[in-house]
Amino acid sequence: MTDETTDVVQDGEVTSFTELVGQTHAAAELKADAEPILTVENLRMYFPIRSSLLKRTIGQVQAVDGVSFVVPKGGSLGLVGESGCGKSTTGQLITRLYKPTGGSMQFEGQDLAQLSNRQMRPLRRDIQMIFQDPYSSLNPRHTVGSIVGTPLRVHDVVPRSKTLARVQELLEVVGLNPEHYNRYPNEFSGGQRQRIGIARALALQPKLMVADEPVSALDVSIQAQVINLLQDIQKEFDVAFLFIAHDLAVVHHFCPEVAVMYLGKIVEIGDRESIYSNAHHPYTQALLSAVPDIKQAVTGERRERIRLTGEVPSPIDPPSGCRFRTRCPIAQEICARHEPPLLQIGKRHKVACHFAGRLGEHPREPLTARLLGVDASGQPDPGASPVTDLVEQPGYADTWFDLDQKTIGRA
Ligand SMILES: Nc1ncnc2c1ncn2[C@@H]1O[C@H](COP(=O)(O)OP(=O)(O)O)[C@@H](O)[C@H]1O
Ligand code: SF4
Ligand SMILES: [Mg+2]
């Protein structure tokens, strides 16, 4: 992730990606009162590692480890984090490419985690996926008409005689020439191919789309067009999105709510204001500093880039306590001993850090010690009474810990 990827030169001027998207489309608004279309609770996916010789399980890849969130009907949640954080696995669990190790995924009154493949079949229409790579996700030997028309035929949604007309309608919706239905994917540019992928996902009029880095493979100016298209589609068809990206700039406009993931866990989640102007987790702050145009747009100031050193550690043997501690600039003793609970610190803002605070204003004492029943270094404190029900809950409670006022806040 570099500054260069978020800037584009247009007519000799440097225009940021965020500006490009914002030129034609207002930022999507939070649907705070909408019912959830998807409620994910404590979702886990551990991939077994088997020894090649004896086929015994010798370890586990903890790709997703206790993730909870809500996607509102017709709304969009952004899921952001570096490569290897478990974003794609989360998306693939929702589309039930895998059966999760644990947790639940409530979708319209059914728990997707519990359904058999047969029970899932009718729901596959409602939950569609858009993939990152518009080159490998379209079969080069099939015409666009066949690619977009296949889901219509498989699910028997329109009479065969009407398939072509429906395909042409879909091509028009995504901004392609409807007469190009008999062309092959290699006759299209990357952005156009992604439009074909979107038309295919849209064919069955899904209620939820999981878009896994749908613009990461595209040029910045094309990225903005595709995001604007997704926003138009959302408005017109009232479809909800889980929008996965590795860059906070990409989801800023489209997602009024964002979850930041690190090594299988959500470390911060909140509405746009909380994440982009009031981030409290050092990891979110580091990701934000890589997209200075956003910070600048919000506060008018440019801030120093925080460079994250090293790679995301292996999810086979993640660090003890806080998984971010091996790269965290403010880690202390307690961070190795205890995993920080995901605390609600605002009306729509949760963060998992013992020293949560605005950049440069992190507290010296862990704010979680009393809750966990430990002292400042994380050793057991016989005088403290731990709060034992700090479970991962999707959504937000009506009360929260107000870190500024040091009191309980209320909605
Ligand atoms: N099928 C699988 N088997 C074993 N490990 C996997 C599998 N899929 C993903 N992983 C591992 O899970 C972790 C998370 O991967 P992924 O969900 O693709 O992350 P992201 O999309 O955030 O880059 C990575 O360490 C990856 O290697
Ligand atoms: S809990 Fe500790 S290691 Fe983790 S982000 Fe907070 S300060 Fe850093
Ligand atoms: Mg991925």
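Author: Leaving out residues up to four places away in sequence, G357 touches H280, H362, P363 and L403. Contact here means C-beta atoms, placed from the backbone, within 7 Å. The model is a predicted one, with local features needing pLDDT of at least 70 and side-chain atom pairs counting only at pLDDT 80 or more, while totals for chains, interfaces and linings use all residues. Residues are numbered from 1 along each chain as its sequence is written, and chains are lettered from A and ligands numbered from 1 in the order in which they are written.

Reader: What makes G357 count as buried?

Author: G357 has 21 C-beta neighbours inside 10 Å. The cut-off is 20 or more for buried and 12 or fewer for exposed, with partly exposed in between, so G357 counts as buried. G357 sits in the loop between strand 14 and helix 14 (DSSP runs numbered from the N terminus: H or I of at least four residues for helices, E of at least two for strands).

Reader: How do you know whether A352 is buried or exposed?

Author: Count again: 25 other C-beta atoms lie within 10 Å of A352, so A352 is buried. A352 belongs to the loop between strand 14 (349-351) and helix 14 (369-372). Leaving aside neighbours within four places in sequence, A352 is in contact with K265, V267, P340, P341 and L342. P341 is 11 residues from A352 in sequence, and the two are 5.3 Å apart, C-alpha to C-alpha.

Reader: Why are E108 and D238 called partly exposed?

Author: E108 has 14 C-beta neighbours inside 10 Å and therefore counts as partly exposed. D238 has 14 other C-beta atoms within 10 Å, so D238 is partly exposed too. E108 is in the loop between strand 6 (102-107) and strand 7 (110-111), and D238 is in the loop between helix 8 (220-237) and strand 10 (240-245).

Reader: What makes phi of E108 and D238 worth a remark?

Author: Most residues other than glycine have a negative phi. E108, not a glycine, has a positive phi of about 50°, and for D238, again a residue other than glycine, the positive value is near 55°. D156, which follows helix 5, also has a positive phi, near 55°.

Reader: Why are helix 5 and helix 7 called roughly parallel?

Author: Their axes, lines fitted to C-alpha atoms over the stretch in contact, with angles from 0 to 180 degrees between N-to-C directions, cross at roughly 25° and come within 7 Å. Angles under 35 degrees count as roughly parallel, over 145 as roughly antiparallel, 65 to 115 as roughly perpendicular and the rest as oblique, so helix 5 and helix 7 are roughly parallel. V144, I147, V148 and P151 of helix 5 meet I196, A199 and R200 of helix 7.

Reader: And what angle do helix 5 and helix 6 make?

Author: Helix 5 (residues 144-154) and helix 6 (residues 163-173) pack at about 120°, their axes 9 Å apart. Helix 5 passes helix 6 in a right-handed crossing; right-handed means that the near helix is turned clockwise from the far one by less than a right angle, left-handed anticlockwise. On the helix 5 side the contact includes G145, V148, G149, L152 and R153, and on the helix 6 side T163, L164, R166, V167, L170 and L171. The buried residues of helix 5 are V144, I147, V148, G149 and L152, and their cover includes helix 6 and helix 7.

Reader: What makes L170 buried?

Author: L170 has 24 other C-beta atoms within 10 Å, so L170 is buried. This residue of helix 6 touches V148, A199, L202 and A203, not counting residues up to four places away in sequence.

Reader: How do the residues around ligand 2 divide by class?

Author: The shell (C-beta atoms within 6 Å of the molecule) has 10 nonpolar residues, one polar and one charged. Nonpolar covers Ala, Val, Leu, Ile, Met, Phe, Trp, Tyr, Cys and Pro, charged covers Asp, Glu, Lys and Arg, and the others, Gly among them, are polar. Among the residues surrounding ligand 2 are R325, H354, C322 and C353. Around ligand 1 the division is five nonpolar, six polar and one charged, and helix 3 gives the most to that shell, with three residues.

How values were computed:
Two residues are in contact if their C-beta atoms, placed from the backbone, lie within 7 Å.
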